Amino acid sequence: MKNLFLFLVIFCSISVVAQEKPTLYLIGDSTMSDKKDPEKNPEHGWGQMLPELMTSEINIQNHAVNGRSTRSFIAEGRWEKVREQLKPGDFVLIQFGHNDQKVNDPARYTNPFTQYRSNLEKFVRETREKGATPILFSSIVRRNFNENGVLVDTHGQYPLVVRMLAKDLNVPFIDLQLLTERLEIMYGPQNSKQLHLHLEPGEDPYEPKGVADDTHLSKMGATLVASLALQEIAEQDLELKKYIKGKVLFQKILKEVPVSLGEYSEKVPWRRTLKQDKEWYGSKEAQRIADNVLLYQHTNGGWYKNIDMSNELSSKEKDSLRNLQNKEMGTTIDNGATHNQLKYLARVYKATGKEDYKIAFLEGVDYLLEAQYSNGGWPQFYPLKKGYYGHITYNDEAMIGVMNLLRDIAQNEEPYSFVDAFRKNKAEKAVEKGLKIILDTQVEVDGKLTAWGAQHDKKTLKPAKARAYELASLSGKESAEIVRYLMEIENPSEAVKRSVRSAIQWFEDAKVTGKRVEWIKDPSLPEGRDRIVVEDPAGGPLWGRFTEIGTNRPMFIGRDGVVKYKLEEIEHERRINYSYIDNYAEDLLKEEYPKWEQKHK
């Protein structure tokens with residue numbers, strides 16, 4: 001009986017192990033790593049995209065970290081942490097090289113033919129000792145085109161060493177250098193910017209000062225690189241192939257590049273579609289994107305947020321979007337949603353005269369008009385969602401973006417002259433109600449008008465709390481946008497003039513001088529960087545994104561919801577992923593307001 005019990009215990013243990021999912025471990029640098037705040041952060045590592053491209057039958061742990069070389073990954077104990085978890089049937093994807101070549105950094109540099117190779121051998125040997133499968137990768141290329149449009153390598157001997165080692169040790173090898181080189185060349189010197197981080201100042205709230213980064217990847221670039229890596233794994237018929245989703249295997253990514261790259265029609269990412277020349281909106285590319293916009297529109301006339309509508313869609317993806325069109329919960333004006341789609345459709349309709357675009361535009365206008373509260377404000381989401389989503393929302397230019405569009409429609413501005421008189425009249429009334437609520441929500445402190453919060457309670461009209469780190473306060477960023485809207489009114493009433501002047505005085509009272517915001521590199525931190533506030537006699541003016549009502553002190557609030565008064569006192573993740581203090585109203589005070597005052601004094 002005792003032996004039978006022992007047999008059953010052993011049998012059950014073996015069964016549990018057999019049923020346990022394999023784990024795919026990723027070790028490498030920033031081009032592979034997960035990025036913080038993925039919904040807003042334009043930067044993505046290609047390893048970050050694998051969960052979307054692989055089945056749920058395998059676990060994925062991405063241990064790749066910004067700024068790491070083979071040397072620092074081992075020295076910091078990161079490899080040991082992975083090694084201890086490995087079990088038979090697991091996989092380890094290994095990609096280093098970007099930081100091993102930093103010859104002036106003793107904590108990271110490795111000689112490609114000695115220490116670099118030795119460290120890779122260690123990863124391979126110890127992975128195999130655990131019964132897991134190592135797969136070596138060469139580094140992705142940098143976008144480094146010379147003046148003749150030729151892509152020039154920047155990694156020297158490191159990719160060669162990986163190839164040699166893979167052959168010597170009979171390790172599966174994925175040549176990402178070759179695959180990404182072909183990808184960059186296919187897109188060409190200009191269009192390949194879409195694969196990386198190329199943003200103009202003000203183009204993306206996550207990178208307000210703009211960025212030009214030819215090493216790291218955009219979400220689009222990361223998705224393509226991850227797909228190429230998985231397709232090559234399938235092409236080599238590696239065991240990992242069975243965990244790759246079918247849609248990845250049948251996707252055609254790399255194409256033959258013609259001798260003249262100019263024969264390709266330039267692709268335009270969604271974030272730049274409202275910044276094109278007038279003639280472009282009649283192009284095939286503009287219409288292709290407009291057709292996508294129609295597919296993403298819901299039957300109530302609105303759109304979801306944070307969607308790149310310039311992506312090329314497969315037939316299956318289009319069918320899926322059609323099935324989602326009746327699902328209204330989630331349609332919003334947040335992060336530019338709905339009003340930006342309408343601005344785009346109007347331009348393409350004026351250039352092409354295609355009736356489908358006009359119909360979709362008018363349905364979207366009806367959605368905005370219906371979403372407005374009777375007091376004149378707009379909620380963040382409509383139909384209404386429970387929670388802070390029902391507040392009157394100025395945050396991220398939500399309500400002001402809607403009002404700018406409706407004002408242009410009411411005033412018969414181009415390209416909105418095609419809108420019927422009935423809707424123009426309704427737009428005019430909506431703008432009047434919206435103006436009234438702007439004036440009514442301006443916060444009064446000790447008998448003086450000040451500024452506005454990021455969101456206000458729809459009933460009490462007082463500043464209201466949203467997420468844990470977005471407490472009721474006065475907002476330097478949103479208030480600057482509201483003042484600019486008010487200053488564009490052609491014949492402002494005395495109430496509007498008083499509102500503008502009071503807000504300007506608040507900006508003067510609340511400004512922070514003698515300090516500046518600075519990004520610094522810090523390899524010891526996640527993503528290898530930090531955002532700090534430093535003393536600088538010439539620094540400023542700065543304003544808090546959240547400013548304490550009554551004291552005008554900038555507030556720094558982490559995910560715990562506790563107010564701090566110094567940026568360094570909140571967690572690193574919030575410091576680098578959210579803008580708490582900046583020069584939001586500097587141009588407003590120096591240039592825009594003096595011109596307005598001269599006109600209306």
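Author: Strands here are DSSP runs of E that span at least two residues and are numbered from the N terminus. The structure under discussion is a predicted model.

Reader: Which strand gives the largest share of the lining of the second largest pocket?

Author: The second largest pocket has a volume of about 900 Å³, and of the 32 residues lining it, those closest to its centre are His 216, Lys 521, Glu 527, Gly 528 and Arg 529. Two or more lining residues come from each of the strands S8 (211-218), S13 (515-521), S14 (529-535) and S18 (581-582). The largest share of this lining amounts to 5 residues, and the strand that supplies it is S13.

Reader: How many residues of the lining of the second largest pocket are charged?

Author: Asp, Glu, Lys and Arg count as charged, with Gly placed among the polar residues. On that division, the lining of the second largest pocket holds 9 nonpolar and 9 polar residues, and the number of charged residues is 14.

Reader: How many cavities of 30 Å³ or more does the structure hold, and about how much space lies in the largest cavity?

Author: The structure holds 3 cavities of 30 Å³ or more. The largest cavity is lined by Val 517, Arg 531, Leu 567, Arg 575, Tyr 578, Ser 579, Tyr 580 and Ile 581, and by class this lining has 5 nonpolar, 1 polar and 2 charged residues. The space in the largest cavity is about 40 Å³.

Reader: Which residues of H14 make the contact with H13?

Author: The two helices cross in a left-handed sense. On the H13 side the contact is made by Phe 361, Val 365, Leu 368 and Leu 369. By class, the contact of H13 with H14 has 8 nonpolar residues, with no polar and no charged ones. The residues of H14 in the contact are Val 402, Leu 405, Leu 406 and Ile 409.

Reader: What is the handedness of the crossing of H7 and H8, left-handed or right-handed?

Author: The axes of helix H7 (residues 176-191) and helix H8 (residues 219-235) come within 10 Å and cross at roughly 135 degrees, which means that H7 is oblique to H8. The crossing of H7 and H8 is right-handed.

Reader: How many nonpolar, polar and charged residues does the contact of H7 with H8 have?

Author: From H7, the residues Leu 176, Leu 179, Thr 180, Leu 183 and Tyr 187 meet Met 220, Leu 224, Val 225, Leu 228, Ala 229 and Glu 232 of H8. By class, the contact of H7 with H8 has 9 nonpolar, 1 polar and 1 charged.

Reader: Where does Pro 541 lie?

Author: The peptide bond from Glu 414 to Pro 415 is cis, with omega near 10 degrees, and Pro 415 lies in the loop between H14 and helix H15 (421-441). The peptide bond from Gly 540 to Pro 541 is also cis, with omega near 5 degrees. Pro 541 is found in the loop between S14 and strand S15 (543-544).

Reader: What is the phi of Asn 552?

Author: Leu 461, in the loop between strand S12 (455-456) and helix H16 (476-487), has a positive phi of about 70 degrees although it is not a glycine. Asn 552 lies in the loop between S15 and strand S16 (556-557). Although Asn 552 is not a glycine, its phi is positive, at about 65 degrees.

Conventions. Residues numbered from 1 in each chain as written. Predicted model: local features only at pLDDT ≥ 70, side-chain atom pairs only at ≥ 80, totals over all residues. Heavy atoms only, no water. 1 Å grid on protein atoms, 1.4 Å probe; cavity = no way out; pocket = protein on both sides within 12 Å on 5 of 7 lines; lining within 4 Å. Points joined across faces, edges and corners; volume = space filled by probe spheres on them. Helix = DSSP H or I, 4+ residues; strand = E, 2+ residues; numbered from the N terminus. Left-handed = near helix turned anticlockwise from the far one by under 90°. Contact = heavy atoms within 4.5 Å. Axes fitted to C-alpha atoms, helices over the stretch in contact; angles between N-to-C directions. Parallel < 35°, antiparallel > 145°, perpendicular 65-115°, else oblique.
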